[in-house]
Amino acid sequence: MFKIANDSKNPYCKRLELPAGPLSVYASDALFGSLDYKVFEMANNNLQIPERVYMSYTPDVHVGTGTCIGTTAVWNAAGGYVSPSIVGSDIGCGMRVHLTRLHAEELRDVRQRRKLVKAIEGYLPTEEHRRGHFSDIRLEHVIRKGLHGLPNKYVPDSYTPRKATSLTHVESAKFGFDESHLDRFPESVWHRSHRQLGTLGNGNHFAEIQEVQIDESSRGVAEAWGLFDGQVVVMIHSGSRAWGGAVHQHCGTEVAKTMRALGLGTADPRLIFAPLETDAGQAYVNLLYSALNYAVANRHLIAYGIREAFRDVFGTKTELSTLYDLMHNYAWEEEHDGTACFVHRKGATRALPAGHPDNPAPYRETGHPALIPGSMGTASYLMVGEPGGRDNYYSICHGAGRIRSRSATKRLVSVEEFRAALGVGTDAEVVVNQRTLESIIDESPQAYKDVDQIIESVTGAGLARVVAKCKPLATVKGT
DNA sequence: ATGTAC
């Protein structure tokens, strides 16, 4: 189906010539060889969207709906295209890490980890908060202004040690957009979205308590970020919940209509896209930004709840400073080599190197943290971009990457295997909140690639390097 | 990932 061009000097980057155009794939030979041929069929469909400037896969790539998870796809902002299928329905889904001053020794006793997990569960209901919870928060303020729409009680930082870190240590705290598009959503969507504020959601979303292990080669950066060996950190993975879903569904229908009217399409009817300048394209981009506002505020409020739990267990002086918050499902404008680009990242994380002007101010000199989760029971990584990332529009992986569908995992993986992967019954058990592991077996590590191999491909390719490895101590999942 | 229809 395709040829591999020989012009790449990077053994971790394959430049393919598919019938519809070029595709860069960042992966070791072993990972590249293990890819399902369907990811190339899917790429070939995505490459048929007109006017594309660039498209690539990260090593954790796997098949999704219309577009693979692990895709970076770039158009020029002028005359470009936007695709709700490439962004996917969990708009703004991403990662957040908070730092504590606690040492993992304080959680060495499994009973202490259980106590903490139970406390966190009390603040993060699995589905929705009860009526009246967060009644001091106006949802339309959050939708319109992101973190800046939250009451002072939540920001800036009655709870972080350095002033306003939760507003400055984020990829984006607020997206401005044309609010007239908000009229189209029924009251039920607003109501549900309010009750879902500060909740994790399902699937691969989680909150995890982890122990830091600094990579010696990056000790300087690690210490500049406030990390120390043995430090307890909190990693959060969540998105825009029902709000993003409603944006995806509503705008997707409109974009599909525009597509038909313009006679556009590819071999895959699920792959929807439209020129940026169309009414449907503009409505989607505006409401996409509203979902990015929801998602960042949602992760912020999850962190707020977890901080309350830490205070219940470790005392009122416990701090949870914000390391960083960034997304891996989104599209927005970025400038590259002086050109305004419209960049889609679906299951791909931006990792800017030291000195890049788009780093937020606190991370201008070091590069910002790129937060990469592993699968359950396995390590996660704090990375930083390298200058070589420029070739890939500064995109790196977003995690381990699924190798088995949820249904296949339920069929093929036993609860015993899952228990063993989490060390259940040993001193090192990763404590999980769920009453039965059976209910979340589709998230067992046997459903995912080995995150260490993914990271090796990213570092080998010169896209980013490891600052710290974070080993799981306890995990909180939705149902 | 999510809500909704089956």
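Colleague: Which residues of α9 are buried, and against which elements do they pack?

Modeller: In this predicted model, the buried residues of α9 include Arg241, Trp243, Gly244, Ala246 and Val247. Cys251, Gly252, Val255, Ala256, Thr258 and Met259 are buried as well. The elements against which these buried residues pack are α3, α5, α7, β9, β10 and α10.

Colleague: What distance does α9 reach from its first C-alpha to its last?

Modeller: α9 has 21 residues, and at 1.5 Å a residue the expected value is 30 Å.

Colleague: Which element gives the largest share of the lining of the largest pocket?

Modeller: The largest pocket has a volume of about 960 Å³ and is lined by 43 residues. The elements that give two or more residues to this lining are α3, β8, α9 and β19. The largest share is three residues, and it comes from α9.

Colleague: How many residues in the lining of the largest pocket are charged?

Modeller: Asp90, Asn204, His205, Asn329 and Arg406 lie nearest the centre of the pocket. By class, the lining has 10 nonpolar and 24 polar residues, and the charged residues number nine.

Colleague: Why does serine 238 count as buried, and which backbone oxygen does its side chain reach?

Modeller: Serine 238 lies in strand β9. Serine 238 counts as buried because its relative accessibility is 0%. Its contacts include His205, Asn298 and Leu200. At 2.8 Å, its side chain reaches the backbone oxygen of leucine 200.

Technical notes: Residues are numbered from 1 along each chain as its sequence is written. Chains are lettered from A and ligands numbered from 1 in the order in which they are written. This is a predicted model: local features need pLDDT of at least 70, side-chain atom pairs count only at pLDDT 80 or more; totals for chains, interfaces and linings use all residues. Side-chain values use heavy atoms; hydrogens and water are left out. On a 1 Å grid over the protein atoms alone, a cavity is a set of points where a 1.4 Å probe fits but cannot get out, and a pocket is an open set with protein on both sides within 12 Å along at least five of seven lines; lining residues have an atom within 4 Å of a point. Grid points are joined across faces, edges and corners, and a volume is the space filled by probe spheres set on the points. Helices (H or I, at least four residues) and strands (E, at least two) are DSSP runs, numbered from the N terminus. Ala, Val, Leu, Ile, Met, Phe, Trp, Tyr, Cys and Pro count as nonpolar, Asp, Glu, Lys and Arg as charged, and the others, Gly among them, as polar. The expected span of a helix is 1.5 Å times one less than its number of residues. Buried means under 20% relative accessible area, exposed over 50%, partly exposed in between (1.4 Å probe, protein chains only). Contact means heavy atoms within 4.5 Å. A polar contact is a pair of N or O atoms within 3.5 Å; within protein, one must be able to donate a hydrogen and the other to accept it, and residues adjacent in sequence count only if both atoms are side-chain atoms. Lists of a residue's contacts leave out its neighbours within four places in sequence.
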